[in-house]
Amino acid sequence: MTTEDATAKPGELVVVTGMTGAGRSTAAKELEDLGYYVIDNLPPELIKEVIRLVDRSRGPDHPVAVVTDVRSGAFFGSLAENLAQGATGRHATLVFLEASDEVLVRRQEAARRPHPLQGAGRLLDGLQREREVLAGLRGDADLVIDTTDFNVHQLTDRIAAEFGTPLTVQLKVSVVSFGFKYGIPVDTDFLADMRFLPNPHWIPELRPRTGLDREVADYVLGQPGAEEFVQRWVDLIAGVADGYLRQGKRFAQVAIGCTGGKHRSVTVTQEVVRRLQGRGIEARAYHRDLGRE
């Protein structure tokens with residue numbers, strides 16, 4: 001989805017937080033392009049006041065997004081309290097952005113900016129303090145996005161995909177293929193391992209192809225146990241959808257891995273998404289490591 005075919009959700013409140021350098025500003029700019037009234041670096045205690053002013057000046061259907069983080073100092077600790085159910089009078093979605101320390105250090109050094117919690121210490125010291133401060137908040141987030149392997153365009157596409165569609169009460173499922181040798185995605189609710197299936201890498205004519213190619217898909221899905229595995233995973237995800245919504249969770253991420261994230265995991269991700277969509281569940285496929293080999 002692009003910003004050209006996306007529209008903001010009426011009455012939505014999106015709160016963006018997370019690690020310094022993980023892409024908060026990029027997310028805020030994309031939300032603004034989608035039509036949200038965006039305020040950066042807002043102390044949490046002012047969120048309800050901002051909502052009141054927007055409701056009065058632009059109407060209660062005008063979507064609002066705020067970025068709040070450790071730059072707010074002591075005020076930041078009140079964020080969870082100010083997002084308590086119904087406290088703002090709007091449906092609120094808390095988005096947490098994170099990335100690996102290595103990537104965050106590289107981004108901060110490229111921007112030539114110190115970390116707000118760094119003090120007289122190293123940049124890594126500031127990141128460690130920030131992770132400690134944010135540990136509880138990350139667990140409360142409705143949507144966690146790991147931007148370690150994202151460029152700016154991939155992050156804006158993800159934000160547009162999540163917040164640029166009309167408001168629904170449907171669970172949004174992101175199904176991500178990955179390679180175990182590159183590490184397990186940290187923002188995962190369900191994890192599947194496809195390494196029990198034969199690896200197309202060892203078939204000379206399939207090795208240069210990917211799980212997006214029909215020949216590879218036919219090979220992978222034709223293996224003993226593949227059909228049963230896919231169907232059980234689809235049944236599992238569909239079975240918990242209502243429970244997630246009852247608990248106020250509108251996002252779920254499924255990670256499907258194989259050795260390199262090129263063949264088996266890609267094929268199974270595509271097939272799981274296709275079947276979930278066939279059941280009326282909003283699902284999207286992402287292929288984290290495709291092309292890395």
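Biologist: Which residues have a pLDDT below 50?

Modeller: Where pLDDT is low, the predicted coordinates should not be read in detail. Here that applies to residues 1–5, with pLDDT below 50. In the model this stretch has nine contacts beyond near neighbours in sequence.

Biologist: Thanks! How many helices and strands does the protein have?

Modeller: There are nine helices and nine strands. Of the 293 residues, 49% are buried. As for contacts between residues at least 6 apart in sequence, 80% join residues at least 24 apart.

Biologist: Let's look at a helix pair. At what angle do α7 and α9 pack?

Modeller: Angles of 65 to 115 degrees count as roughly perpendicular. Helix α7 (residues 214–221) meets helix α9 (residues 264–278) at about 85 degrees, and their axes lie 9 Å apart. The two are therefore roughly perpendicular to each other.

Biologist: Which residues make the contact?

Modeller: From α7 come Val-216, Ala-217, Val-220 and Leu-221, while α9 brings Arg-264, Thr-267, Val-268 and Glu-271. Sorted by class, this contact has five nonpolar residues, one polar and two charged.

Definitions and conventions
Residues numbered from 1 in each chain as written. Predicted model: local features only at pLDDT ≥ 70, side-chain atom pairs only at ≥ 80, totals over all residues. Heavy atoms only, no water. Axes fitted to C-alpha atoms, helices over the stretch in contact; angles between N-to-C directions. Helix = DSSP H or I, 4+ residues; strand = E, 2+ residues; numbered from the N terminus. Parallel < 35°, antiparallel > 145°, perpendicular 65-115°, else oblique. Contact = heavy atoms within 4.5 Å. Nonpolar A, V, L, I, M, F, W, Y, C, P; charged D, E, K, R; others polar. pLDDT = per-residue confidence, 0-100. Buried < 20%, exposed > 50% of the residue type's maximum accessible area, 1.4 Å probe, protein only.
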